[in-house]
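Hi,

Here's the structure I promised to pass on. Have a look at it first, and then read my notes below.

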Amino acid sequence: MNRYLPLAITALAILALATLFLVIAPGMQISAQGPSQGLKPYTEAEARGRAVYVSMGCLYCHSQQPRSLAQAPDAERGWGRASVAGDYAYDDPHQLGTMRTGPDLMDIGDRLPSQAWQLTHLYQPRAIASWSIMPAYPYLFEHKDKAGPDDVVVKLPAQYAPKSGVIVAKQDALDLVTYLQGMKRQYAPPKDGLRDNGYALIAEKQRDATDATTASN
Amino acid sequence: MTDKKPDPRRPDETFEPFEETRRIPWPVYSIAIALAIWGVIMLVQTSTAVEVADKTQKEVAKEDSTKLAQAAAPDLDAGKTLFADNCATCHGDAGEGVAGAFPPLHGSDVVKLGGAKAVTHIVMRGIGGKLNVNGDGYEGQMPAFGSVLSDTEISEIASYVATGLNDDAKTISAPEVADIRKVAGDKDPFDGGAGLAGLINDLPAQPNSEAADQGADSERVARLVGQGTDTVWACASCHGDKGEGIETVPRLAGLPAPYLAKQLHDFQRGTRFNDSMAYVAKGLSDREIGELANYYASMSSPSGAKPALQGDLKRGAQLAKQGDWSIGVPACFTCHGPSGVGVAPNFPGIAAQQPSYVAHQLAMWAGGSRHNSPLGLMAGIGKALNDSDRRAVADYLASLAPMPAMDKTELAAMESNIPVREGVDQ
């Protein structure tokens with residue numbers, strides 16, 4: 001353990017190389033990508049809703065990164081096309097998530113555009129699906145005797161509705177739903193959109209090969 | 001370090017016998033260099049792979065726009081191919097039509113008098129009502145192709161119908177089609193021959209138009225669709241204002257009323273599973289279900305679907321038109337009607353249906369979690385199709401023109417057939 005200098009230099013060089021290829025190079029690649037065409041910046045209400053999304057920790061159970069068809073049948077599940085770097089241009093920090101205890105939410109605004117559905121579901125997921133393991137968020141709502149003129153009343157089945165009065169959504173719930181409704185990524189991805197297409201090309205080649213063998217049989 | 005006395009019970013931790021004498025062996029260097037070269041090659045290869053995968057979709061869009069830029073004479077050969085793909089299933093390969101069902105285009109008085117321009121209008125908007133062609137009466141149920149064909153494609157089809165199938169000399173160019181689209185693109189389908197008479201001068205006598213009869217129930221249904229009730233969400237909040245659907249939410253516009261009513265009853269009974277729809281159906285009365293079914297059955301709206309699953313459209317077209325007997329799958333169109341417009345009361349239209357919905361439902365038929373089709377027909381088909389076939393056929397159907405709304409008189413005749421909750425499963 002005498003050659004401290006060469007050892008230190010080698011260690012630093014390895015670290016520098018890793019940083020160059022894993023941090024700096026992708027950083028340059030991504031920063032060259034503008035927002036995808038068709039992606040709108042968040043409105044004020046959506047930005048507030050996004051803050052609620054972050055504070056509720058939705059990220060722990062919901063990802064925001066549909067995979068390409070070669071990796072998972074996300075498109076067939078109706079979760080939308082595979083996302084590209086430009087789709088996250090206005091997200092800082094992004095809410096990619098790693099767990100899929102619940103479904104991916106990148107495209108939820110296209111898939112479930114109904115404000116009323118979202119409010120019912122946030123108030124009590126079991127009102128819609130008895131098997132749902134999503135927590136209920138009653139503290140995003142208030143119980144009122146009578147709805148005011150601007151109140152949004154939550155539609156609830158008798159089993160979960162209060163005995164008297166109505167359940168109305170607080171501002172946080174409305175903002176969160178506005179954010180979810182705005183999660184739309186159905187526009188065409190940019191041509192130079194950065195993403196990991198997995199084994200799409202290989203899969204395509206294999207399919208062509210199978211087609212050729214089927215045809216020759 | 002040096003002033004510590006060595007402990008006889010423990011060997012010297014810093015003792016490294018080879019360190020000073022041996023150099024790093026050359027295989028280690030060569031492996032490191034080889035790894036680096038391999039890394040660079042992989043980096044280059046993967047980035048080309050991403051480009052190629054992106055190309056297919058984008059290239060198609062680009063080709064379309066370059067085609068549009070060439071305002072030259074329409075390509076009649078392309079028109080013939082497009083005719084075979086889009087029109088021939090009903091009107092016949094040579095435009096001869098089917099007596100009593102689909103009017104002829106070859107030698108048709110409508111085409112003769114109206115020319116390529118009238119054909120463009122009809123292709124774009126479709127027809128929903130009775131009409132006379134060459135003195136014979138037809139039901140008049142033509143899909144609107146405006147939302148699925150480009151201006152260039154419509155110009156090619158219209159020009160082919162006017163000059164290739166008939167002896168008209170005048171073709172129509174893509175910019176002219178674009179002008180027509182600006183004026184008429186988002187209008188409802190022609191109300192049969194009476195509607196066409198406004199477009200074409202000197203058209204022979206046509207049946208009277210059946211004015212849309214909005215019943216007394218319409219206001220209540222509109223509230224159900226637009227606002228929902230205290231417990232049930234508005235239909236339109238997911239299915240769209242025009243019932244065109246989105247992603248896994250199906251298109252409802254123009255589906256047969258008895259089919260729609262049966263599905264709602266099945267959701268209610270639990271013979272078709274979808275938590276959100278079960279919730280909705282349980283909050284609806286039989287009467288409301290009947291009214292809603294009629295509401296959506298009589299709705300005409302443009303296609304809201306486009307291929308989105310990277311399916312093989314050629315394979316999809318093959319499955320839809322011919323089927324594939326090697327896997328025991330009949331053509332979709334044998335039951336769901338020519339061009340997938342649907343055959344009331346049991347077979348819903350599948351043209352312009354959302355691709356994610358179709359692929360998802362086929363997977364559900366295959367897995368057995370949907371099992372409410374007459375005679376279990378769809379279960380066998382769903383099982384025979386593999387994943388890429390499901391995507392292919394779903395994408396192909398999404399590229400088709402939507403079916404027109406049902407005729408009012410037909411609807412009225414069918415109302416008595418709408419099954420009630422305790423009714424026999426069809």
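Let's begin with a cysteine. C61(A) counts as partly exposed, because its relative accessibility is 32%. Keep in mind that this is a predicted model, with an ipTM of 0.78 and a pTM of 0.72.

C61(A) is in no disulfide, and the nearest cysteine sulfur, that of C58(A), is 8.8 Å away. A pair of cysteine sulfur atoms has to be within 2.5 Å to count as a disulfide. In case the term is new to you, a disulfide is a covalent bond between the sulfur atoms of two cysteines. Over in chain B, C87(B) is buried, with a relative accessible area of 13%.

Now for chain B as a whole. It has 426 residues, of which 45% count as buried. Its secondary structure comes to 18 helices and four strands. Among the chain B contacts with a separation of 6 or more, 71% are between residues 24 or more positions apart. The accessible surface of chain B is about 22,000 Å², and carbon and sulfur atoms account for 58% of that.

My next stop was a histidine. H336(B) sits in helix α14, which covers residues 332-336 of chain B. Is H336(B) buried or exposed? It is buried, because its relative accessible area is 12% and the cut-off for buried is under 20%. A polar atom of the H336(B) side chain lies 2.7 Å from the backbone oxygen of P348(B). Leaving aside neighbours within four places in sequence, H336(B) is in contact with residues including V341(B), F347(B), P348(B) and M378(B).

One last thing, about confidence. The mean pLDDT of chain B is 80, and 82% of its residues reach 70 or more. Over residues 419-426 of chain B, though, the pLDDT is below 50; beyond near neighbours in sequence, this stretch has 18 contacts in the model.

Cheers

Methods. Residues are numbered from 1 along each chain as its sequence is written. Chains are lettered from A and ligands numbered from 1 in the order in which they are written. Side-chain values use heavy atoms; hydrogens and water are left out. Buried means under 20% relative accessible area, exposed over 50%, partly exposed in between (1.4 Å probe, protein chains only). Helices (H or I, at least four residues) and strands (E, at least two) are DSSP runs, numbered from the N terminus. A polar contact is a pair of N or O atoms within 3.5 Å; within protein, one must be able to donate a hydrogen and the other to accept it, and residues adjacent in sequence count only if both atoms are side-chain atoms. Contact means heavy atoms within 4.5 Å. pLDDT is the predictor's confidence in each residue, from 0 to 100. Accessible areas come from the Shrake-Rupley method with a 1.4 Å probe; for residues, only the protein chains shown count as cover.
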